[in-house]
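Trainee: I would like a close look at a single part of this structure. Please take me through the surroundings of the ligand, then go on to the packing elsewhere.

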Amino acid sequence: MGRLSIHILSIFPGIFEDFLNYGIVRRAVEKKLLDVSIVNIRDSAPDKHKTVDDLPYGGGAGMIMKPDILAASLESTVPFRENRRPEVIFLTPQGKRFDQSHANKMSMLDEFILICGRYRAVDERFRETYVTDEISIGDYVLSGGEPAAMVVIDAVARLIPGVLNDFESGIEDSFQNALLDCPWFPLSKTSGTFCPMNISGLVNHGQSRSAF
Ligand code: ADE
């Protein structure tokens with residue numbers, strides 16, 4: 001086991017395969033400071049169609065993720081015991097807004113579980129029984145929690161002591177001291193100043209403006 005174990009519950013486990021194989025997250029895993037297990041929620045569905053959702057009680061559009069399947073998936077991932085009660089974090093736009101202080105605190109845990117919802121909602125009883133925290137990565141609605149889980153894991157992995165080299169230290173990241181980072185330019189070894197940027201004539205100098 002790594003210093004931090006993260007378990008992800010998702011109906012699209014394949015989404016995470018490439019993500020875990022690049023950059024700092026990969027390095028954290030290789031250094032055995034992080035391990036990430038990906039659990040396919042459908043593996044806990046007993047029927048032959050591997051159904052994880054059903055129509056909403058009371059009618060309306062969309063489907064609701066079933067509590068028994070989610071509970072079985074969670075319990076099969078981490079058998080809950082008195083001495084092992086990891087945080088169960090549900091990714092949802094209704095959650096607390098994720099920020100750097102959140103990431104700092106999560107990087108100090110030994111273990112946590114990220115639940116990626118899909119469809120319209122997750123059964124309320126499951127949320128009340130198992131979920132200890134809810135996180136949103138911003139005020140917009142994603143089609144599922146998977147991209148949010150990647151954002152959280154990336155922000156947390158770089159803060160685990162030993163993952164970054166001293167010169168990359170996460171402590172100097174933007175937001176650690178409530179300041180945004182400054183502009184940076186690569187050094188040109190030949191001129192000793194910053195390297196030139198050879199841009200095409202199509203670029204409208206000084207005209208790059210936000211569309212929003
Ligand atoms: N799932 C759907 N939208 C989300 C968001 N904004 N943050 C976290 N999880 C989500």
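Mentor: Strand S5, residues 87-97, gives the most to the shell around the ligand, with 3 residues. Keep in mind that this is a predicted model. The residues around the ligand include Leu91, Thr92 and Pro93. Also in that set are Ser136, Ile137, Gly138, Tyr140, Val141 and Leu142. Gly145 and Ala148 complete the list. Now sort the shell by class. It has 7 nonpolar and 4 polar residues. Charged residues are absent from the shell.

Next, a helix pair. The crossing of H2 and H6 is left-handed. Which residues in H2 and H6 meet? From H2 come Ile24, Val25 and Ala28. From H6 come Ile153, Asp154 and Ala157. By class, the contact of H2 with H6 has 5 nonpolar residues, 1 charged and no polar.

Last, a sheet. It is open and has 3 strands, in the order S3-S4-S7. The pairing is mixed. Strand S3 (53-54) and strand S7 (121-122) are the edges, each pairing on one side only. Strand S4, residues 64-65, runs parallel to S7. The two strands are joined by 2 bridges. Across this pair, Met65 stands opposite Val122 in S7.

How values were computed:
Residues are numbered from 1 along each chain as its sequence is written. This is a predicted model: local features need pLDDT of at least 70, side-chain atom pairs count only at pLDDT 80 or more; totals for chains, interfaces and linings use all residues. A crossing is left-handed if the near helix is turned anticlockwise from the far one by less than a right angle, and right-handed if clockwise. Helices (H or I, at least four residues) and strands (E, at least two) are DSSP runs, numbered from the N terminus. Two residues are in contact if their C-beta atoms, placed from the backbone, lie within 7 Å. Ala, Val, Leu, Ile, Met, Phe, Trp, Tyr, Cys and Pro count as nonpolar, Asp, Glu, Lys and Arg as charged, and the others, Gly among them, as polar. A residue is near a molecule or strand if its C-beta atom, placed from the backbone, lies within 6 Å of it. Two strands pair if DSSP finds at least two bridges between them.
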